[in-house]
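I opened this notebook to keep track of what I looked up, entry by entry, for a reader who is new to the structure.

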Amino acid sequence: DIIPQPLLDQYLSMTDPARAQTVDTEIAKHCAYSLPGVALTLGRQNWHCLKDTYETLASDVQWKVRRTLAFSIHELAVILGDQLTAADLVPIFNGFLKDLDEVRIGVLKHLYDFLKLLHADKRREYLYQLQEFVVTDNSRNWRFRYELAEQLILILELYNPNDVYDYLRHIALTLCSDKVSEVRWISFKLVGDLVHKFYANNASALGLNFINELVVRFRHCSKWVGRQAFAFICQVGMFSLCISMRTLN
């Protein structure tokens, strides 16, 4: 009743490998690009009509097809709601996390948008996997690590101080020592937000431990770039905004 059945059948047939050979080699990519719009038109109650097609596209041999889906999976999650997302999208999302960097960047750019839609217990399962984003297929792909730092700044609000300290702290420290200055700069802001997270949530002990770790790792670093990093971390205002003079004393 929403769209003519022949039109839907025509769309679903775009994943047929034979059509890619006879009609358009990128027809599957076009299908993937349009899928969120089709899902929105049909509504979540008719997701069963698209589920098999989506799974077929998610396992397509062409990375451009998988990349297209990775960039839009957060939008599809909004359309489907939390229950369908947990059942049908999370497994696809997990597959994209282990894919090529060209595909992983799609989920990374909207990592916060996707994680915030999950229930807290399901969201917590991704804490350990976040550190996998630090490693890329090409170490020169510094924009990947830059995007990770930007997403972590947003993701901080989704987790409690203990989880932030146990999992995200290590990633932030690693990014602060990155070889590329642009990555280090955005990471200094991330570190400042980490400290603010601890003190804003009455986790001053964790905050003080983290500050002491920063002092040891950067302030007393044998290399000048480490000591410079400490100065820049101070510059972003973490001490003046997050630490009282009494704490420093």
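**Ground rules.** I am working with a predicted model, in which local features need pLDDT of at least 70 and side-chain atom pairs count only at pLDDT 80 or more, while totals for chains, interfaces and linings use all residues. Residues are numbered from 1 along each chain as its sequence is written, and side-chain values use heavy atoms, with hydrogens and water left out.

**Helix 6.** I looked up helix 6, residues 82-97, and found a span of only 19 Å between its end C-alpha atoms, whereas a straight helix of 16 residues would span 22 Å at 1.5 Å a residue; the expected span is 1.5 Å times one less than the number of residues. Helices here are DSSP runs (H or I, at least four residues), numbered from the N terminus. At Leu89 helix 6 bends by about 50°, and the proline Pro91 follows within four residues; the bend is the angle between axes fitted to the seven residues ending at a residue and the seven starting there. Among the buried residues of helix 6 I noted Leu89, Val90, Ile92 and Phe93, where buried means under 20% relative accessible area, exposed over 50%, and partly exposed in between (1.4 Å probe, protein chains only).

**Largest pocket.** Which helices each supply at least two residues of the lining of the largest pocket? They are helix 10 (142-155) and helix 11 (161-176). The lining residues include Trp142, Arg145, Thr174 and Leu175, and a pocket is, on a 1 Å grid over the protein atoms alone, an open set of points where a 1.4 Å probe fits, with protein on both sides within 12 Å along at least five of seven lines, its lining residues having an atom within 4 Å of a point.

**Two residues.** Phe144 lies in helix 10 and is buried, at a relative accessible area of 1%. Its C-alpha is 9.8 Å from that of Glu102, 42 residues away in sequence. Leu156, in the loop between helix 10 and helix 11, is also buried, with a relative accessible area of 5%.

**Cysteines.** How many disulfides does a search of the whole structure find? The search finds zero, a disulfide being a pair of cysteine sulfur atoms within 2.5 Å. For Cys49 the closest cysteine sulfur, in Cys31, is 14 Å away, which is too far for a bond. Cys49 is partly exposed at 26% relative accessibility, and Cys234 is partly exposed with a relative accessible area of 27%.
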